[in-house]
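Here is a short walk through one protein model. Keep the structure in view and follow along from strand to helix to ring.

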Amino acid sequence: MNEYLEFINWVLNKYPMSKLETLNGNAFLELCEYEPEAPEEYTSFLTNFGFGSIGDCDFQIYNYPLDADDIFDEETARELMEYKFVADNFSGYMFAYCISGANGWELVAFQHQEVEELPENITTLMQALKSEL
C-alpha cells in the first residue's frame, strides 16, 4: 500500500466527516502553469491524497497555494509575500512554503502571522499534517 493510500485510510477512519478531492486533469495543469516551481512532493500530495477538509473543521488543504494577500490584510500581506499558503486548521495555524529560501520551496508553519520553523524531520506537507492530526 502506498503512503498516500495509507494516510487517506487513516484520515478517513479517524475523521469520517472529511471531504477530500484529488487534483487531476485541467486543475492539475492549471496548478503547474500557476506555480511551475511548486515542489513535486506538494503536487504529488494534491494528486494522490487530495485537497479539502479533514474532519468537520480540523484542517483545510487548499487546492492551490494562496498568496498572502488572499488571506491577510494589505499591510500584513506585504510582509509575507515570500510565502505560499497551502493549509490551515481554521484557528490561525497554517502551513506555507517559503519560496525565497536557498533550497527553493521550504515548508514552514504559521501561528496567525508569525512564522514557526518545523522540526528537521518534517519536510513535506503530509508529514506536517500527520504531526498535527
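**From the sheet to the rings**

Strands β5 and β6 pair in the antiparallel sense, over seven bridges. The model shown here is predicted. One of its bridges joins Ala-96 to Val-108, its partner in β6. Strands of a sheet pair through backbone hydrogen bonds, either parallel or antiparallel.

Now widen the view. β5 and β6 belong to an open sheet of seven strands. The order is β1-β2-β3-β4-β5-β6-β7, and the pairing is antiparallel. What stands at the edges? β1 (19–21) and β7 (114–116) do. Each has a single partner strand, so one side of each is left without a neighbour in the sheet. From one strand to the next, the twist averages 30°.

α5 lies across β3, β4, β5 and β6. Relative to β5, α5 runs at about 150°.

Next, look at the nonpolar side chains. In soluble globular proteins, nonpolar side chains tend to be buried together. The largest nonpolar core here has 31 residues. Those that touch the most other members are Phe-45, Phe-49, Ile-61, Phe-95, Leu-125 and Leu-129. Helices and strands both contribute: α1, α3 (40–48), β2 (51–54), β3 (59–67), β4 (83–88), β5 (93–101), β6 (104–111) and α5 (125–132) each supply at least two residues of this core. A second, separate core has 13 residues, including Ala-68, Phe-72, Leu-80 and Val-108.

Neighbours within four places in sequence aside, Phe-45 is in contact with Tyr-4, Phe-7, Gly-50, Ile-61, Leu-125, Met-126 and Leu-129. Phe-45 also sits in an aromatic cluster with Tyr-4, Phe-7, Trp-10, Tyr-15 and Phe-49.

The structure holds 14 aromatic pairs. Why does the pair of Phe-7 and Trp-10 count as stacked? The ring centres of Phe-7 and Trp-10 are 6.1 Å apart and the planes meet at 10°, so the pair is stacked; the cut-off for stacking is under 30 degrees. Both residues belong to helix α1 (residues 3–14). Phe-7 and Trp-10 are three residues apart there, which means a separation of about one helical turn. Are they buried or exposed? Phe-7, at 2% relative accessibility, is buried. Trp-10, at 35%, is partly exposed.

Trp-10 has another partner, Tyr-15. This pair is edge-to-face, with 6.3 Å centre to centre and 75° between the planes. Tyr-15 is buried, with a relative accessible area of 12%.

Notes: Residues are numbered from 1 along each chain as its sequence is written. This is a predicted model: local features need pLDDT of at least 70, side-chain atom pairs count only at pLDDT 80 or more; totals for chains, interfaces and linings use all residues. Side-chain values use heavy atoms; hydrogens and water are left out. Rings of Phe, Tyr and Trp (its six-membered ring) pair if their centres lie within 6.5 Å; planes under 30 degrees apart count as stacked, over 60 as edge-to-face and the rest as tilted. Helices (H or I, at least four residues) and strands (E, at least two) are DSSP runs, numbered from the N terminus. Buried means under 20% relative accessible area, exposed over 50%, partly exposed in between (1.4 Å probe, protein chains only). A nonpolar core is a set of buried Ala, Val, Leu, Ile, Met, Phe, Trp, Tyr and Cys residues joined through side-chain atoms within 4.5 Å. Contact means heavy atoms within 4.5 Å. Two strands pair if DSSP finds at least two bridges between them. Axes are lines fitted to C-alpha atoms, for helices over the stretch in contact, and angles run from 0 to 180 degrees between N-to-C directions.
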